[in-house]
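Here are some notes to read alongside the model. Please keep the structure open while going through the points.

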Amino acid sequence: MKRTSTLSYNSDRMNNNPNAIMQLERQLKEALYHRSRGSRLRTLTLSPSGSTDFSSNDFLSLSNSPTLRNKFLEIISQSPDKPFGSGGSRLLDGNSTHVEELEKLIAHHHRAEIDGGLLFNSGFDANAGFFACVPQPGDIIVYDEAVHASVHEGMRFSRATMKIKFLHNSTETLKKILENISYNKNFIGNIFVAIESVYSMDGDVAPLTEMLNVANEIIPGGVLFVVDEAHATGVVGDLGRGLVCALSQEKRVFARLHTFGKAMGCNGAIILSTPTVRSYLVNYARPLIYTTALSFPALAAIQASYTLLSTGRTTELQERLIELVRITHGLLEGIVKPISPRSLLLIPAKPQTLTPIISLLTPKPRELSALLRERRLIARPIVFPTVERGKERVRLCIHANNSNQDVVNMVQAVRDWVIHESLPKRSKL
């Protein structure tokens, strides 16, 4: 009699048993139902044709720029024999002189060590890979409570002994944490501080110089700052080099992340640090090792975007963007102060360094977003768990190709919504 192995039998039973699939389907649907009941269900949506964008991270409007498109096509046409696909990971067949020269070009633009740049497929991959492998056993990661989910993903797998958060943009809280670490005479590890230059939800700017000074006072030369410049790239500082360069702090920051999927109009990211860190990431960063490298068209798009950036051809867009941000803040203040209860709509104070992200804090983000959408103005509601409960908002992103009238229309729509929501319920009927 032919015997069937237990492994083979169980495998066949699982493959042919519809009950297992039905059980999992029920469990997944139940989880989605509970998320929906809590108003936390995420869905994929499409913006209506002809709508005005106040949602995407395309701050300089480069993704629709004919100038960028023409430069991209020029680079593609100069290499007609290059394969479109990379063919594998960087460690196999995905490396090339093109990608290594591009890394050097980007590092040079951001005034980093020429041989210290390493491209990743996304900012998420770069942050997750860096924080998972670079901090060593016995090290401590101190991080701003508002850092991106990708940093948290990396810290989940990090071998660092401790991860300590500090209050958002609070130099005082950071100081106390570093002082407590310095009091421990047995601690001999490295200390990493993870922050963002411009934060993605509020658009506020880190007090970088102040933090660097405080850290150096407490532990001279002993704190390694890692700055995520994702929302500053292309927008902040001369030629869009970012906050670190704008403040001339390149030599005091251990590592920087710049991404290309926002103001640069492309996709991908780069970690800028030292040649040793680059080599270490090549050997230990799993999102790099086990991922197919960026394709030639993706590299050409990045090259085209940085060519425009480094030659000053995006400076006018940068200036126009900041002008629109200033106008938007002024118009919004005209709503909040005279007519809007703080409980209904609150706008954080205008930062000293203007950025294209403005948050409209409201307990009714979906309602406000829906009203804007009805008027073909796209701005997304941001709710828990993306932000903490009580910090729900509609996130506005201003773009260089928005017109003054676009901004006026958007602010007028917000004003109309505030007036409507402020009326007694009977008056709304």
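1. Helix α5 is mostly covered in this predicted model. Of its eleven residues, eight are buried. These are G123, A126, N127, A128, G129, F130, F131 and C133.

2. Helix α10 spans residues 275-284, and its buried residues are V277, R278 and L281. They sit on the same side of α10, because the arc they cover around the axis is only 105°. An α-helix has 3.6 residues a turn, so residues three or four places apart point the same way. On the other side of α10, T276 and N283 are exposed.

3. What covers the buried residues of α10? The cover includes two strands, β2 (117-120) and β8 (269-272). It also includes the helices α4 (97-109), α5 (123-133) and α11 (286-289). Helix α5 is therefore part of this cover, where contact means heavy atoms within 4.5 Å.

4. A separate point concerns E392, found in the loop that runs between β11 (380-382) and β12 (393-397). Is E392 buried or exposed? E392 is buried, yet has no salt bridge. The nearest side chain of opposite charge is that of R389, 5.9 Å away.

5. The side chain of E392 does have a polar atom 3.1 Å from the backbone nitrogen of G390. Leaving aside neighbours within four places in sequence, E392 is in contact with L360, L361, T362 and P365, and also with I382, V383, F384 and V387.

How values were computed:
Residues numbered from 1 in each chain as written. Predicted model: local features only at pLDDT ≥ 70, side-chain atom pairs only at ≥ 80, totals over all residues. Heavy atoms only, no water. Helix = DSSP H or I, 4+ residues; strand = E, 2+ residues; numbered from the N terminus. Buried < 20%, exposed > 50% of the residue type's maximum accessible area, 1.4 Å probe, protein only. Lys, Arg positive; Asp, Glu negative; His and termini not counted. Salt bridge = Lys/Arg side-chain N within 4 Å of Asp/Glu carboxyl O. Polar contact = N/O pair within 3.5 Å; in protein donor to acceptor, adjacent residues only side chain to side chain. Arc of directions from axis to C-beta.
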